[in-house]
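Me: Please take a close look at one part of this structure, namely the ligand and its surroundings, beginning with the backbone.

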Amino acid sequence: MRLLEEKIISEGRVLSDQVLKVDSFLNHQIDPFLMKEIGKEFAARFANEGITKIVTIESSGIAPAVMAGLYLNVPVVFARKRKSLTLTDDLLTASVHSFTKKETNEISISKKYLDEADRVLIIDDFLANGQAALGLVEIVQQSGAMVLGIGIVIEKAFQQGSEKLKERGLRVESLARIASLANGQVQFINENVEELV
Ligand code: G4P
């Protein structure tokens with residue numbers, strides 16, 4: 001997605017050859033116009049899948065997921081990473097280990113918001129090793145609902161997440177795919193082959 005790639009180039013900061021900081025539009029401050037375009041793009045890519053619900057994880061997945069929900073006209077449920085005072089109903093849970101943060105979180109969604117009739121699109125901001133996405137897939141499958149696909153804003157294609165999800169037969173749609181962050185440079189995998197003149 002051209003607009004997103006341009007934003008990453010103009011505002012992203014490469015912190016190391018593994019980590020890209022995008023705090024100015026996705027992870028701290030949020031650019032609502034960009035989120036709207038991201039939501040529109042996810043909705044277009046999954047328009048024919050009969051999606052009934054979007055599932056994401058707090059906190060940075062929520063903005064793009066809500067915009068996709070707006071365009072697909074479906075509700076958005078986010079998995080919580082901490083136990084909530086009011087989230088006391090029967091819970092669907094999964095363990096998610098973050099290699100980046102070296103911690104394991106129990107993530108959860110109330111059974112009330114997912115059931116076997118649901119056709120789910122999972123959305124998240126980053127795809128690195130795929131642990132968060134796999135945890136969300138596990139939770140959706142526990143509910144008996146079907147996962148129709150996974151929409152990712154920024155995929156770090158040099159890590160293993162996308163392969164792990166595709167190995168399980170899941171459709172992954174990433175709006176920006178980063179091939180490398182080496183030497184302080186963001187290099188994209190550009191699937192739209194530009195016409196050479
Ligand atoms: P994984 O789920 O794909 O295995 O990712 P990992 O454990 O490596 O990532 C843990 C957290 O760090 C996730 O956010 C993920 O979105 C984020 N992350 C991973 N790589 C990058 C990166 O290069 N840049 C940025 N900005 N974030 C990255 P989180 O802890 O759930 O944070 P939040 O959603 O509450 O903001």
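Reply: S59 is placed in the loop between β3 (53-57) and α4 (62-72); helices (H or I, at least four residues) and strands (E, at least two) are DSSP runs, numbered from the N terminus. A cis peptide bond, with omega about -5°, joins E58 and S59. The loop between α4 and β4 (76-79) holds N73, whose phi is positive, near 60°, in a residue other than glycine. Most residues other than glycine have a negative phi, and most peptide bonds are trans.

The model is predicted: local features need pLDDT of at least 70, side-chain atom pairs count only at pLDDT 80 or more, and totals for chains, interfaces and linings use all residues. Residues are numbered from 1 along each chain as its sequence is written, and side-chain values use heavy atoms, with hydrogens and water left out.

The ligand is surrounded by 21 residues, the closest being L20, S60, K81, T100 and K101; a residue is near a molecule if one of its heavy atoms lies within 4 Å of it. This shell divides into 7 nonpolar, 9 polar and 5 charged residues. Here Ala, Val, Leu, Ile, Met, Phe, Trp, Tyr, Cys and Pro count as nonpolar, Asp, Glu, Lys and Arg as charged, and the others, Gly among them, as polar. Both β7 (119-127) and α5 (131-143) supply at least two residues of the shell, and β7 gives the most, with 3 residues.

Polar contacts are pairs of N or O atoms within 3.5 Å. An N or O atom in the side chain of K81 is 2.5 Å from an oxygen atom of the ligand. A backbone N or O atom of L20 lies 2.6 Å from a ligand nitrogen atom, while one of Q131 lies 3.0 Å from a ligand oxygen atom. Taken alone, the ligand exposes 720 Å², of which the protein buries 85%; accessible areas come from the Shrake-Rupley method with a 1.4 Å probe.

The ligand sits in the largest pocket, meaning that more than half of its atoms lie within 2 Å of the pocket's grid points. On a 1 Å grid over the protein atoms alone, a pocket is an open set of points where a 1.4 Å probe fits, with protein on both sides within 12 Å along at least five of seven lines; lining residues have an atom within 4 Å of a point. The volume of this pocket is about 960 Å³, taken as the space filled by probe spheres set on the points. Of its 34 lining residues, the closest to the centre are K81, S98, K101, D125 and F126.

Key: A polar contact is a pair of N or O atoms within 3.5 Å; within protein, one must be able to donate a hydrogen and the other to accept it, and residues adjacent in sequence count only if both atoms are side-chain atoms.
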